[in-house]
Amino acid sequence: MKKQSNLSRLLSYAGKYKFLTYASWVLSAVSALIALLPFWYIWKIIKEVLDVAPNFENANGLVHYGVMAMVFAVLSFLVYICALLCSHLSAFRVATNMRIELTEHIAKLPLGFVDSFGSGKLRKIINDSTGATETYLAHQLPDKYAALATPLGLLVLLLAFDWRLGLLSLAPVVLGFLVMSSMTGKRMQEKMRQYGNALEAMSNEAVEYVRGIPVVKTFGQSVFSFKKFKGTIDEYEKWVVAYTKDLRVPMMLYTAAVNGVFAFLIAGAFLFTKNGVTNEFLLNLLFYIIITPVISLTLTKIMYMSENNMIVADAIERVDSVLSISEMSESKKLEKPKDSSVELKDVKFSYDGEHDVINGVSLKIEPGQTVAFVGPSGGGKSTLASLIARFFDVREGSIKVGGTDVKNISKEELMNTVSFVFQNSRLIKASILENVKMGKPDATKEEVLLALKTAQCTDIIEKFPQGVDTVIGTKGVYLSGGEQQRLAIARAVLKNAPIIILDEATAFADPDNEAKVQEAFAELAKGKTVIMIAHRLSTIANADCIYVVEDGKIAESGTKDELCAKNGLFSKMWADYGASVKWKVAKEG
């Protein structure tokens, strides 16, 4: 099957605006040809001046020629404006449709896709890569057709008056194209790809660094503590410096070639006037000196066109890198969960397709049970919870919610069945009311207020004059980690899903907030199946069952007392936790 060209691919997004793109090319080419007509009138002005010299009062056509030159210059400008108007309308539609397709596709991908792909990298593709196609269609393509039409018109003008000087004017064009070829092609396309990768990596790590600023400030560290971020900056610097040095000589030769047309014309003038200078030759020489800067301008546009083609090709490739990711599969025969039970059977999962982070886990959680996942960092606790909510699909085995395989449950139904409260719950720049209503968009204000009361958020609402209409974030108010967590719990209360997953949900809470968060949890958990992930073992002491996760497997399970009696991994963790709670700073006597 023949691969679709980049241009055809872009125009497939234009819909009924596609004809505007074609119209912009025609108008731009016409504008370029009209723009050459003033030069012809300038030639007529010079000719008349030379013909009547020194009796300049006999020059009767100067005003007419000058006015006509201005009329065609203005007409060329107006036609070009029309070309840009057409190209922009089409380009905006293409960029909009690309972004819509991207965001709709992302919405159908596994929920964990953004974290694994990189939010900074994804943001750059959605904004910058689609933006590059917009610039290409709106400006660069119309300019391309203008630049292609200009040489045709120039060729006629250059050869019409004095073919010898015309050929000399074209000599720098040949040299320029030869030098340009060394700066374009597959080698340059690979350079553009590397450039995009360097920018993408830096953007991604910048986002991660910004997220980690609280840690940097807390421990008094500098940017250099974020080695990956610093490394991407250093790599980008090395690439840019090496790339600039690589193109330094070709660019100097190209600039000298395209701007060296005067040297060719002067050399030709000396050669062709050995037997004297005629008015006609002087007229043509002056005309060529005036018009030849258009050659260098046109050549430069053509050179940048090659670069722009590579940029847009790279942008489309990056967009395709997202669109090519398989959507989350969904069964044709969808079923609904029968209850709030959760069952895992021989589940295996790998982020990279090679190394399993979950290896053969089987467990069953009965409706209404409260269970906990504990264990060393990196053991797979959060991954297990993510798989239950189908943030990712398992490599082997199955996960059932309410007796139904999660792959046979619609995404909307699964999200209505499972609520997730993360350790770093995200609130959007909106009012408290709107943030909580994300759990149930059609909820009434009274329902939101009840959810806030249940989540122990009354004190948060009362301290602000605007109450639930208080805006959070930029130009609004800022809440502590514990307060944000309670609002996230209110959102989960409002959603009222039968299964609740709490992932380190008290991690950022201070002692006062933690007590209120725990009360909110108690209200939230009533009649629900609760899965808790915690390092603070006191929060899971009363769980119906504790699963100790180590190296992607269930090392042991049971109640707190049963596990402590086994003298296994949990027993050691509990003893270490108890010792840490009793730890105090010694005072000098």
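**View 1. Strand 1 pairs with strand 4 in the antiparallel sense through five bridges.** The model is predicted; local features need pLDDT of at least 70, side-chain atom pairs count only at pLDDT 80 or more, and totals for chains, interfaces and linings use all residues. Residues are numbered from 1 along each chain as its sequence is written, and side-chain values use heavy atoms, with hydrogens and water left out. Strand 4 covers residues 396-401, and its V401 is the bridge partner of V342. Strands (E, at least two residues) and helices (H or I, at least four) are DSSP runs numbered from the N terminus; two strands pair if DSSP finds at least two bridges between them.

**View 2. Strand 1 and strand 2 form a hairpin.** Seven antiparallel bridges link strand 1 (residues 342-350) to strand 2 (residues 356-365). V342 stands opposite I365 of strand 2. Five residues lie between the two strands, and G353 in the turn has a positive phi of about 85°.

**View 3. Six strands make an open sheet in the order 6-7-8-3-9-10, with mixed pairing.** Strand 6 (418-421) and strand 10 (553-558) are the edge strands, each pairing on one side only. Neighbouring strands are turned by 20° against each other on average, direction ignored. Strand 3 (residues 370-374) and strand 8 (residues 529-533) run parallel and share four bridges; A372 stands opposite M532 in strand 8.

**View 4. The largest nonpolar core has 44 residues.** A nonpolar core is a set of buried Ala, Val, Leu, Ile, Met, Phe, Trp, Tyr and Cys residues joined through side-chain atoms within 4.5 Å; buried means under 20% relative accessible area, with a 1.4 Å probe and protein chains only. L452, L487 and I540 touch the most other members. Helix 19 (residues 481-495) gives the most to this core, with seven residues. A second, separate core of 32 residues includes V342, V347, F373 and V418.

**View 5. Helix 3 passes helix 12 in a right-handed crossing.** Right-handed means that the near helix is turned clockwise from the far one by less than a right angle. The axes of helix 3 (residues 37-52) and helix 12 (residues 279-291) come within 10 Å and cross at roughly 145°; axes are lines fitted to C-alpha atoms over the stretch in contact, and angles run from 0 to 180 degrees between N-to-C directions. Contact (heavy atoms within 4.5 Å) involves residues including W40 and W43 of helix 3 and L283 and F287 of helix 12.

How values were computed:
Buried means under 20% relative accessible area, exposed over 50%, partly exposed in between (1.4 Å probe, protein chains only).
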